[in-house]
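Subject: Structure handover

Hi,

Here is the structure I promised you. Please open it beside this email and follow along.

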Amino acid sequence: MDKSILDKINKYSQTELTENQVFVFNVILCDNDIDRDFERFSDDALEQLKSLFIGKTGISDHNPKSSLQNARIFDTEIISDSSKKTSDGRDYKYLKASVYMIRTDSNKDLISEIEGGIKKEVSISCSASSRKCSVCNCNKNTSSCVHSKGKKYGSQICHTVLSDITDAYEWSFVAVPAQKNAGVTKYFSSDNANIKNSVADSFLKDAEKELHKDIIRLAFIKGGEPCVKAMRLVSFGMDIKQLLELKKSLDDYGSENISSQLFRKDTSSEYSEFSTK
């Protein structure tokens, strides 16, 4: 492990931690694409979140109990991918965070689940003082408009642009994140000096197992037990490319039926608080 990584981690520890004591991995916290709730972060919002998430803790299901704190962000970076476009045609950008955990007996199962790709979907909790309609630019925190999220007006799908981020609270492991791409991307193995991709560099069978699990989870969300049974039959014998295409189809199908995952916590406050579950 590079000494600069340990130096950043040790800014948050009371004692000097060694490489063997920590488990390090990367997560995509959020991006600038339109999510399942027809909302997206502006590029400026990503920059603000980049600073605000330094030092923030990771929990589970946005449960604020201190006993569920199991990880901390020690570095962040915005990645631009010009080869990929958002659903409305903009250059894709995402906020990547580097995270560390202390290796203990109590969290060794969690670490194994992260390494194995079981625990990978994440979402964030933050405050946005501006929620503008993509069609008319109306700030929905202070007024309302006639446009409906998810409805097409001319050539564009109406969505809400989140900006002017005032605070970032935490990030969580969740079952279904509002943003499709949010989740664990890489982990660092202390037995190897290389950063490894937890999916692409895994054994082929492990990758296939993870895709099958994702498909079954999405099938249950989209259509319940009958859909799960159908997907088990359909996906049997598929290769990775076919499984990825099937998962994408499930991701894209019926997203308007999923309950809102970006919700206001306190409507009486000066700024609206949101949490992506």
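Below is what was found, from the whole chain down to single residues.

**Ground rules**

This is a predicted model, where local features need pLDDT of at least 70, side-chain atom pairs count only at pLDDT 80 or more, and totals for chains, interfaces and linings use all residues. Residues are numbered from 1 along each chain as its sequence is written, and side-chain values use heavy atoms, with hydrogens and water left out.

**The whole chain**

The protein chain has 5 helices and 13 strands. Both kinds are DSSP runs, numbered from the N terminus: helices are H or I with at least four residues, strands are E with at least two. Of the 277 residues, 46% are buried. Buried means under 20% relative accessible area, exposed means over 50%, and partly exposed lies in between (1.4 Å probe, protein chains only).

The chain exposes about 14,400 Å². Carbon and sulfur atoms supply 48% of that area. The areas come from the Shrake-Rupley method with a 1.4 Å probe; for residues, only the protein chains shown count as cover.

Now the contacts, meaning heavy atoms within 4.5 Å. Take those between residues at least 6 apart in sequence: 69% join residues at least 24 apart.

**The cores**

A nonpolar core is a set of buried Ala, Val, Leu, Ile, Met, Phe, Trp, Tyr and Cys residues joined through side-chain atoms within 4.5 Å. The largest one has 29 residues. Phe-25, Leu-29, Phe-41, Leu-49, Phe-53, Ile-124 and Trp-171 have the most contacts inside it. At least two residues of this core come from each of strand 1 (22–31), helix 2 (43–52), strand 4 (71–85), strand 5 (91–102), helix 3 (108–115), strand 6 and strand 9 (160–173). Another core lies apart from it, with 11 residues, including Ile-215, Leu-218, Val-228 and Met-231.

**Helix 2**

Which residues of helix 2 are buried? They are Ala-45, Leu-46 and Leu-49. Seen down the helix axis, they fall within an arc of 100 degrees, so they line one face of helix 2. That arc is taken from the directions from the helix axis to the C-beta atoms. Their cover includes strand 1, strand 2, strand 4, strand 5, strand 6 and strand 9. Asp-44 and Ser-51 are exposed on the other side of helix 2.

**Salt bridges**

Side chains of opposite charge can pair when their charged atoms come close. A salt bridge here is a side-chain nitrogen of Lys or Arg within 4 Å of a carboxyl oxygen of Asp or Glu. The count is 9.

- Asp-7 and Lys-3 pair at 3.1 Å, N to O. They sit 4 residues apart in helix 1 (residues 3–9), so about one helical turn separates them. Asp-7 is partly exposed at 35%, while Lys-3 is exposed at 57%.
- Arg-131 pairs with Glu-39, with the closest N and O atoms 3.7 Å apart. Arg-131 lies in strand 6 and Glu-39 in strand 2, so the pair ties together parts 92 residues apart in sequence. Arg-131 and Glu-39 are buried.
- Glu-77 and Lys-96 pair at 3.4 Å, N to O. Glu-77 is in strand 4 and Lys-96 in strand 5, 19 residues apart. Glu-77 is partly exposed, at 37%.

Shared partners also join Glu-39, Arg-131 and Lys-149 into one salt-bridge network.

The contact lists here leave out residues up to four places away in sequence.

Start with Arg-40, in strand 2 (residues 39–41). Is Arg-40 buried or exposed? Arg-40 is buried, because its relative accessible area is 13%. Arg-40 touches several residues, among them Asp-33, Asp-88, Arg-90 and Leu-162. Its side chain also makes a polar contact of 3.0 Å with that of His-159. A polar contact is a pair of N or O atoms within 3.5 Å; within protein, one must be able to donate a hydrogen and the other to accept it, and residues adjacent in sequence count only if both atoms are side-chain atoms.

Next is Ser-163, in strand 9. Ser-163 is buried, at 13%. Its C-alpha lies 5.7 Å from that of Ser-42, 121 residues away along the chain. Ser-163 is in contact with Ser-42, Ala-45, Gln-48, Ala-128, Ser-129 and Ser-130.

Asn-139 counts as buried, at 18% relative accessibility. Asn-139 touches Ser-129, Ser-130, Arg-131 and Lys-132.

Best wishes
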